Amino acid sequence: MTGGAFLGNLALRDELLADLSGETQRVGGWLTPGTSGPDAAVGAAMGFHPAFTALASELAQGLRSDDDRAFAKALLGAIAPGEDTADLVRRWFLQSWDAAPVAIRDGLVGQEPLAAAAAVAELVAASRESPVAGKVWRSARAALGRIVDVVPQTSDYLQVPLAFAFDLDLVPGAVADAISAWSAAIRGASNRVTGWTDDIAAEAGGLNQSFYERAAEKVQGITDREEAVRQVTTLVQQYFSESPRAQELTAFHKECWEASEKRRNAWLASARQTLIALSECDSGRVG
């Protein structure tokens, strides 16, 4: 991309860092996804490749917390003006393939899925030097799609290289799909450890739905909508308090969710630090 990160302009980087401190209002539409995703046009105006915009936006989680903003500031501060952010994304994936604490390859069981996923990593590495033909990417995706009869964890983790098996210049949004798949794989692995299954989730959902249906029948004669809503809420709370099983499932879900969040947050911290560290290495080379 012409000019590279910040269009090679250190003053632009300083302006974006000031924005994250609340002093200006320029970066919000870039790092905060809307209904159609992060604003790639704004990112491009700053010299960022759209795949990098997608990656930074996903890892920044919409800047919802102080930690999210701290990450965004650290990332922008680490990137050198003029840095090739498309190459940064590719190297981040390659680093994450086998060096991260929650590495992609660690989630794959069996030689066939590991080899097929490793082939995608090799194509990503090759694409750093020159474009990879579309038919080659399609062949890699087809090889992943042919893999069947694997354990659930492997099936989940295969979605990560499958999402990344595209030319990022043509399909930069593949990065967001890969992050989503990776996050889901981590949550799935955690649920299998804690015992939160689809059947248990269905039971909990069914109980909750039954409470609302019973409550709705009770308030059919109430014409005031706000009063009907209040009555339904009160009744649902009553039914819940009278159901030991509903309380048990709610407590179990909370326990499983907290375990899942702990595992996902560890991955997120690692993914963020990897991207920052790679940017700092480039800063030494570019600057």
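Trainee: Which helices each supply at least two residues of the lining of the largest pocket?

Mentor: Helices are DSSP runs (H or I, at least four residues), numbered from the N terminus. Here H4 (50-60) and H10 (174-194) each give at least two lining residues. H10 has the largest share, 3 residues. This is a predicted model: local features need pLDDT of at least 70, side-chain atom pairs count only at pLDDT 80 or more, and totals for chains, interfaces and linings use all residues. Residues are numbered from 1 along each chain as its sequence is written, and side-chain values use heavy atoms, with hydrogens and water left out.

Trainee: How much space lies in the largest pocket?

Mentor: On a 1 Å grid over the protein atoms alone, a pocket is an open set of points where a 1.4 Å probe fits, with protein on both sides within 12 Å along at least five of seven lines; lining residues have an atom within 4 Å of a point. Volume is the space filled by probe spheres set on the points. Here that is about 160 Å³. Of the 10 lining residues, Glu 58, Gln 61, Arg 64, Ile 179 and Arg 264 are closest to the centre.

Trainee: At what angle do the axes of H6 and H7 cross?

Mentor: Two packed helices are described by the angle and the distance between their axes. Axes are lines fitted to C-alpha atoms over the stretch in contact, and angles run from 0 to 180 degrees between N-to-C directions. H6 (residues 85-98) and H7 (residues 111-127) cross at roughly 150 degrees, with axes coming within 9 Å. H6 is therefore roughly antiparallel to H7 (over 145 degrees).

Notes
Parallel < 35°, antiparallel > 145°, perpendicular 65-115°, else oblique.
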